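Dear colleague,

I am passing on the structure we talked about, together with some notes on what was found in it. Please look it over before you read on.

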Amino acid sequence: MKPYLICLDLDGTLLTDENTIGDYTNRVVQELKRQGHYVMITTGRPYRASVPYYKELRLNTPIVNFNGAFVHHPLDFEFKTLQETLPQDVIEDIVVHIDKYDIKNIVAEVRDDLYFQYHDSVLMDEFYMGDPKKVAGDLRDNMPEEATSLLIKTTEDRIDYIRHAFDNVYAETLAHRQWAPQLAIIEIIKKGVSKATGIKYVLDALNLDESRTIAFGDEDNDLQMIEYVSHGVAMKNAIDELKDIAKDVTPYDNNNDGVGRYLNDYFNLNIEYKES
């Protein structure tokens with residue numbers, strides 16, 4: 001069998017709500033790897049917050065981080081890294097108008113380091129995974145290079161206003177989404193970048209067949225990926241918009257090895273599942 005590229009979102013997909021990988025899913029992944037398939041993480045998380053799962057699955061593939069804005073191969077230094085950054089002048093313009101937009105703080109992700117416009121110990125503590133370097137101070141002066149991603153902290157009642165304003169001012173430059181329904185944080189990456197563009201970059205780099213791609217996701221940042229691959233699968237717990245465009249939906253959610261059980265059936269692995 002020609003190999004597949006199997007693309008796995010993390011939160012709400014591969015991971016349970018407790019941020020763990022089910023033992024059954026891990027067993028299925030190991031068998032697929034043994035058969036010669038490529039298993040790849042495609043996530044909105046930075047690398048520092050996804051590397052534990054990369055190691056747990058003993059992967060040997062590239063990894064797509066920041067929703068496609070950063071693609072590299074942790075084990076192959078000859079693999080050409082892709083990094084799509086935000087223009088510094090746009091970041092500086094947002095800082096200049098920070099009061100106009102009623103922005104409470106701005107966090108710039110520069111590779112695996114974090115730069116905060118204002119010191120905020122509560123917000124800083126939320127970025128614990130991977131123990132990143134954290135620097136507070138004016139983003140117009142403190143950043144050593146352009147950011148891969150920007151996080152805008154505001155209040156729930158200002159989310160729509162800011163996103164509409166950004167559409168008017170930065171439509172040709174930025175792509176944005178609300179980080180999570182319950183969080184008043186807007187996530188920003190470069191316009192035209194998505195998990196789909198990250199997957200295409202890997203397919204081209206590894207000379208893999210685009211028609212043999214399968215991906216799993218649950219949220220709006222998975223839409224382009226699910227549309228792009230040849231077999232896009234939405235999780236049982238996915239948003240309706242994703243289910244509407246997916247080729248299929250898993251019978252089980254992320255807390256019940258939905259990915260592993262689907263892949264077991266799809267590839268006819270016959271790995272027995274036992275209820276825990």
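Threonine 16 counts as buried because its relative accessibility is 12%, where buried means under 20% relative accessible area, exposed over 50% and partly exposed in between, with a 1.4 Å probe and protein chains only. Threonine 16 sits in the loop between helix H1 (10-14) and helix H2 (23-34), and, not counting residues up to four places away in sequence, threonine 16 touches Asn254 and Asn255, a contact being heavy atoms within 4.5 Å.

Please keep in mind that this is a predicted model, in which local features need pLDDT of at least 70 and side-chain atom pairs count only at pLDDT 80 or more, while totals for chains, interfaces and linings use all residues. Residues are numbered from 1 along each chain as its sequence is written, and side-chain values use heavy atoms, with hydrogens and water left out.

As for the chain as a whole, it holds 11 helices and 14 strands, which are DSSP runs numbered from the N terminus (helices H or I, at least four residues; strands E, at least two). The radius of gyration is 19 Å, which agrees with the value near 19 Å for a compact globule of 276 residues; the radius is taken over C-alpha atoms, and the globule rule is 2.2 Å times the number of residues to the power 0.38. Of the 276 residues, 54% are buried, and among contacts with a separation of 6 or more, 57% are between residues 24 or more positions apart.

The largest nonpolar core has 50 residues, and those with the most contacts inside it are Leu5, Ile6, Ile199, Ile214, Phe216 and Leu263; such a core is a set of buried Ala, Val, Leu, Ile, Met, Phe, Trp, Tyr and Cys residues joined through side-chain atoms within 4.5 Å. Apart from this core lies another, of 26 residues, which include Val95, Tyr115, Leu139 and Leu174.

Leu263 also belongs to the buried residues of helix H11, a helix (residues 258-266) that is mostly covered, with seven of its nine residues buried. These buried residues pack against strand S1 (5-8), H1, H2, strand S12 (213-217), strand S13 (231-234) and strand S14 (248-249). Just after H11, asparagine 268 takes a positive phi of about 50 degrees.

Turning to the sheet, six strands form an open sheet with mixed pairing, in the order S8-S7-S6-S9-S11-S10, where two strands pair if DSSP finds at least two bridges between them. At its edges are strand S8 (134-136) and strand S10 (174-180), each of which pairs on one side only.

Within this sheet, strand S9 (residues 149-153) pairs with strand S6 (residues 105-110) in the antiparallel sense over five bridges; valine 107 has leucine 151 of S9 as its bridge partner, and glutamate 109 has serine 149. S9 also pairs with strand S11 (residues 183-190) in the antiparallel sense, over four bridges, and here lysine 153 stands opposite isoleucine 185 in S11. Four of the five residues of S9 are buried, so S9 is largely enclosed by the rest of the structure. Helix H4 (residues 88-96) lies across S6, S9 and S10 and runs at about 10 degrees to S9, with axes being lines fitted to C-alpha atoms, for helices over the stretch in contact, and angles running from 0 to 180 degrees between N-to-C directions.

With best wishes
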